[in-house]
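Let's take a walk through this one together. Have the coordinates open, and we'll go from the whole chain down to single residues.

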Amino acid sequence: MSFQSNLYEQLAAELSGLIASRIFAPGERLPSIRHLAQQKRLSISTVIQALRLLEDRGLIDAKPQAGYYVRHRPRTMLAVQAGECSQEPAFVGITNQLMRVLRANEAPGVIQLGSAWPPDELLPIKRIQQTVSSLARRDPALLARVSCVDTNEPNFIRQIVRRAVDWGKLDPAEIVVTSSCTEAINLSLRAVAKAGDTIAVESSTYFVLLQLIESLGMKALEIPTHPKTGISIDALELALNEGLVDACLLIPNANNPLGSIMPDENKKRLAFLLALHQVPLIEDDIYGDLCFTAEQPRPVKAYDTTGNVLLCSSFSKAVSPAARVGYCVAGRYAQQVALLKTLSSGATGHFFQAVLADFVAGGSYDNQLRKMRRILAQRLAQMSDAVAASFPSECTFSEPQGGFVLWIKMPEQVDGFAVHEQAIANGIALMPGTLFSPTGNLRNYIRLNCGNAWTPAIEAAIRRLGEIVHRVADDPLVSIRAEQSARTA
Ligand SMILES: Cc1ncc(COP(=O)(O)O)c(C=O)c1O
């Protein structure tokens, strides 16, 4: 069935698109009813019906004797997701649903609002290409280097230590180079915990972290998390006092999907509390360099005085997801992590470690970060405005302080899988919220990748998505069916 079977719905969709793209900005007057009727060759009553529909959707206001005006719609901030956390540690089982979603999202021609990969056009591919050629000419031995003991490329380690000088003094001996941030986290989990142990995570958190916990037979405990300031330290302290937590796995800087940044005093308190309870923290800092704050936020590792924090990151988001170079600053777990690394995949290629070291040392990385932060902040703001204008007025939104994803809470009755199913049928990829919770909560949330440049195709996709969410909100059966089929998948 078409979404816009009636003339008035077609006109409403066209006008809401113009509002979403700010052709008609908040506070501006729409063309008069008579003008619209003449221009669009529609009857006056069809135009009025379309305008009433937009009024019902909270997009415009009628002003007596004056016409219709685009409503100022301050985006409503998300509230803390406390009520949506389960209180019990639970085994995770998201992989089947996740793989189904990722396969659908990666079909050719689909508009990518799903996975949080940076768009190629923002990456310094040319610069990396030049570094690769000059390094291969200068030091071809790097292409053959292999060792089971010296797996770190010294120049790469030097750059990691130098970049951390702003917030602390890293011991090169505690750094293990890995093939990605994912590998760094996987090895860290294996170093600090075992099957059956409970890992505290933010509600919500990046689905691959949940998958790692799942694959290692560990349990996850969701801790309430504020969309601006991150995990609730008070709630975590309660869980620690009850002896429920064996390790923590958190994204304190620009959490994926919330975009929250934990304030310094919370980071300090967290490091102290975890050291006191001797519970290690695995800190995923992959977005630490892509925050929009005036000063780059420190990691929790900056406050670690006992080697209790394992800081994990990579160059996948800002330089090259294909280089597959990451690292773990593993504190007192360095030896275990290093051994696990060698046993699971051997050394990460020295050549690409050296390429990244050159890229960072020559100043290109800082230039790249400045450019990305500026552009990503703009794109997030533009997409957020467009989404807020197209989606039902009850939706609330994250206000990301870094990264490039937007987290959206939809009306209670709307299931993220139902929205995903219909979005895919319309050639649009996104991530359903349930995948960001270990226990199947957060079902009325979705995450959108906002890293792409604003194009007519993206603009049309956001408008279409808004129509889909309205439709699913109006027909609860669609959500019930989607939830059932997701459960049995
Ligand atoms: C929070 C977070 N951690 C880790 C990763 C994966 O990084 P890598 O490609 O280095 O494994 C991602 C990618 O989306 C992410 O969002």
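Among contacts in the chain between residues at least 6 apart in sequence, what share joins residues at least 24 apart? That share is 77%, where a contact means that two C-beta atoms, placed from the backbone, lie within 7 Å. Before going on, keep in mind that this is a predicted model: local features need pLDDT of at least 70, side-chain atom pairs count only at pLDDT 80 or more, and totals for chains, interfaces and linings use all residues. Numbering starts from 1 along each chain, as its sequence is written.

Start with the overall dimensions. The C-alpha trace spans about 80 × 55 × 40 Å along its principal axes. The radius of gyration of the chain is 24 Å, which agrees with the value near 23 Å that a compact globule of 489 residues would have. That radius is taken over C-alpha atoms, and the globule rule is 2.2 Å times the number of residues to the power 0.38. In secondary structure, the chain comes to 16 helices and 17 strands; these are DSSP runs numbered from the N terminus, with helices being H or I of at least four residues and strands being E of at least two. Buried residues account for 49% of the 489. A residue is buried if 20 or more other C-beta atoms lie within 10 Å of its own, exposed if 12 or fewer, and partly exposed in between, with C-beta atoms placed from the backbone.

Now zoom in on helix H10, residues 264–277. Its 14 residues reach 20 Å from first C-alpha to last, close to the expected 20 Å at 1.5 Å a residue; the expected span is 1.5 Å times one less than the number of residues. Which residues of H10 are buried? They are Lys267, Leu270, Ala271 and Leu274. These cover an arc of only 95° around the axis, which puts them on the same side of H10; the arc is that of the directions from the helix axis to the C-beta atoms. Exposed Glu265 and Leu276 sit on the face turned away from that buried side. The cover over the buried residues includes helix H9 (233–241) and the strands S9 (247–250), S10 (281–284) and S11 (309–314).

With 25 C-beta neighbours inside 10 Å, Val300 counts as buried. Val300 and Lys267 are 33 residues apart in sequence, yet 5.1 Å apart in space, C-alpha to C-alpha. Setting aside neighbours within four places in sequence, the contacts of Val300 include Lys267, Leu270 and Ala271, along with Pro252, Leu281, Glu283 and Val309.

H11 has 12 residues and reaches 16 Å from its first C-alpha to its last, close to the 16 Å expected at 1.5 Å a residue. Its buried residues are Val337, Ala338, Leu340 and Lys341. Seen down the axis, they fall within an arc of 165°, so they line one face of H11. They pack against strand S5 (175–178), helix H7 (181–192) and strand S12 (326–329). Just after H11, Gly346 takes a positive phi of about 65°.

What about the ligand? Of the 13 residues around the ligand, Ser180, Cys181, Thr182, Ser314 and Ser316 come nearest; a residue is near a molecule or strand if its C-beta atom, placed from the backbone, lies within 6 Å of it. The shell divides into 6 nonpolar, 6 polar and 1 charged. Here Ala, Val, Leu, Ile, Met, Phe, Trp, Tyr, Cys and Pro count as nonpolar, Asp, Glu, Lys and Arg as charged, and the others, Gly among them, as polar.

Finally, some backbone details to look up. A cis peptide bond joins Ser203 and Ser204, with omega about 15°, and Ser204 lies in the loop between strand S6 (198–203) and helix H8 (207–215). The Asn256 to Pro257 bond is also cis, with omega near 20°, and Pro257 is in the loop between S9 and H10. Arg41 has a positive phi near 55° and lies in the loop between helix H2 (33–40) and helix H3 (44–56). Having 8 C-beta neighbours inside 10 Å, Arg41 counts as exposed. Arg324 has a positive phi near 55° in the loop between S11 and S12, and with 17 other C-beta atoms within 10 Å Arg324 is partly exposed.
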